[in-house]
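Reader: I'm new to this one and would like to learn how to read it. Could you take me through it feature by feature?

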Amino acid sequence: MFRYILRRLLQMVLAFFGTTLIVYALMFAGQGDPIQALAGERPVTAAQRAYLTEKYHLDATGVGGFFYRYFDYVKNLVQGDLGESLTGRSIGQILQQAWPVTVKLALIALAVAILFGVTAGVIAGIRRASIFDNSTLLLTLLVLGIPTIVLAPLAQYFLGVKLQLFPPTAGSNPTFYALLLPGIVLGSLSLATALRLTRTSVAENLRADYVRTAKSKGLLRRRIISVHVLRNSLIPVITFLGVELGNLMSGAIITEGVFNIPGVGFNLFRAIKTEDGPLVVGIVSVLVVVYLVSNLVVDVLYAVLDPRIRYE
Amino acid sequence: MTHSAVFPSPASATPEGGHLLDVRDLHVEFRTSEGVAKVINGVSYHLDPGETLAVLGESGSGKSVTAQAIMGILDTPPAVIRSGQILYQGRDLLTLSEEQRRQVRGKEIAMIFQDALSALNPTFPVGWQIGETLRQREGMSRGDARRRAIELMDLVKIPAAARRIGDYPHQFSGGMRQRVMIAMSLAMDPKVLIADEPTTALDVTVQAQIMDLLADLRRDLNMAMILITHDLGVVAGVADRIAVMYAGRIIEHADVRSLYKAPAHPYTKGLLESIPRMDVRGQELSTIKGLPPNLMRIPSGCPFHPRCPYVQQVCIDVVPHDLVLGDGRTSACHFAQEVRDDSSTR
């Protein structure tokens, strides 16, 4: 297990540099004159141009020059310096402000998925083909069928503006209450998937041979379900939720955009819109790390839950 | 309760004939979307203390379903018990409440299954699974249950039981896994052990070891055993009596010795003739032609008639009764006498 984690960590280093290289290349390949992009509409003086060319090593051209600048960037990155955005703000600081908001939002979404999705999935799995099972099937299909870009404004309009149950937008430094509706909207998709997954898994495990054995041991049905069936059924569900947490943490661009939540997704979206190359690359670099780590945690968790899985 | 004098109370009810377990005229159907499959059509057999009954038959003959009906672990639906009685120590299990039946499972009647790998829970250590019965049913403490689990694993001859108690089912070989299964079934000293094809998933050499173990345990712990199998070779050394099943009926019932010597049903005769013999070389292996019937469309008359070499018009028209041949032997064949005489002169 230890060797496996070590090998995975080494692979992560490679994956990290690979993805940052690609994002870095893509982001700057599209730009014509980075200095003009930095200045926007205003004219750039010769002195300023010379200073910036010097600062960003723009005099080196071609592939060699690109790698020169990339390694320059990576060198700072390894030292923990994410650099500055085109607007002159420290990218580290931007993320420091955005991250807690996104994490809160992600946790609310995940809690919604676990609380309602897994519970309803277990009940639907036990009572297969019942009214409850069929109505959850219908509802989950509905939720899975509606894209967030439709669901989020609808929820905002009806629950936020019309019924005024929730604040329609969050704004800076949002409270838990302000994040609740966006969290539910964001979590509804994970909820639906978790429900379907749990339901199938429980239904399948209820038919397993070991359930018959547990029954013939004279155990209570309550115990058979809550210990034997649940332990086996939740392995794939927990794996899914782990990956999902990684997805949620890397920012919900649409949900944060609609509800005006100053999280990671919101900042990323704005950076792409304003062609702020350094900011995009900075945010994506950190997202890559979050995603890689959450994937590793899921894989390790998987081995802990299922004793049949042993990593060499 | 004005009729309490007429009906004996359950406690004073003496089992008729003194049988420990008595299955009487059991009928079970499986109701599926494709139709109704008549899986068990009037099965009767009994088991006395300390004896081994082998129930023999092909897949789909109803031998496992009968056992699951006795255990009360049939999935209902699709299974429906139409009629019959399952008397255990004189009490009809089918009239008991679910809670009362649960009390019988494991403690009075225990069961082991064919494929121990899927029959054990893959996510819990074997010692935990053996001890679970004791903790949940007997209220044993964790430590006591663990010690008893080690004893049970020793009893079924698992080497280094104390060290292997924390291992998971997939870490054991097939034979050792079946031993774990057996240890688990013995946890509460059941009086009846139902072994549902306990050696089918195992290597031939391991099969013999497991059968020997079961025979020893049955004797040492003074249990009665129902051994379900499709392998005539497995039965010979272990069983006292054999019940042969076909299409949800017991078609022949006899003690082992006389059944092997002179089968009185064409199906049993065919089965015995299809065993490869060392003393008859250079002869083509004999087989029973045709396939077992579809249980949704059981043939008229004798269900074996389409495959039977003795078939006559009466077999197609009339369902044969159980013909009593003496010595407690029965055969559900119109020509039982002839078949037996044919067999004994071969």
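Author: Let's begin with contacts: two residues are in contact if their C-beta atoms, placed from the backbone, lie within 7 Å. This is a predicted model, where local features need pLDDT of at least 70, side-chain atom pairs count only at pLDDT 80 or more, and totals for chains, interfaces and linings use all residues. Residues are numbered from 1 along each chain as its sequence is written, while chains are lettered from A and ligands numbered from 1 in the order in which they are written.

Reader: Which residues does B:I194 touch?

Author: Leaving out residues up to four places away in sequence, B:I194 touches B:A67, B:I70, B:M71, B:I109, B:M111 and B:I226.

Reader: And how do I read a nonpolar core?

Author: In soluble globular proteins, nonpolar side chains tend to be buried together. A nonpolar core is a set of buried Ala, Val, Leu, Ile, Met, Phe, Trp, Tyr and Cys residues joined through C-beta atoms within 7 Å. Buried means that 20 or more other C-beta atoms lie within 10 Å of a residue's own; exposed means 12 or fewer, and partly exposed is in between, with C-beta atoms placed from the backbone. Here the largest core has 153 residues, and B:V192, B:I194 and B:I226 have the most contacts inside it. Helix α5 (residues 91-126) of chain A gives the most to this core, 15 residues.

Reader: How many helices and strands are there in chain B?

Author: Helices (H or I, at least four residues) and strands (E, at least two) are DSSP runs, numbered from the N terminus. Chain B has 13 helices and 12 strands. Of its 346 residues, 42% are buried.

Reader: How many residues does each chain bring to the contact between them?

Author: Chain B brings 22 residues and chain A brings 17. On the side of chain B that touches chain A, α4(B) has the largest share, three residues. That side divides into nine nonpolar, eight polar and five charged residues. Nonpolar here covers Ala, Val, Leu, Ile, Met, Phe, Trp, Tyr, Cys and Pro; charged covers Asp, Glu, Lys and Arg; the others, Gly among them, are polar.

Reader: What about backbone angles: what is the phi of B:D189?

Author: B:D189 has a positive phi of about 50°, although it is not a glycine. You'll find B:D189 in the loop between α7 (174-185) and β7 (192-196) of chain B. B:D189 is exposed, with 11 other C-beta atoms within 10 Å.
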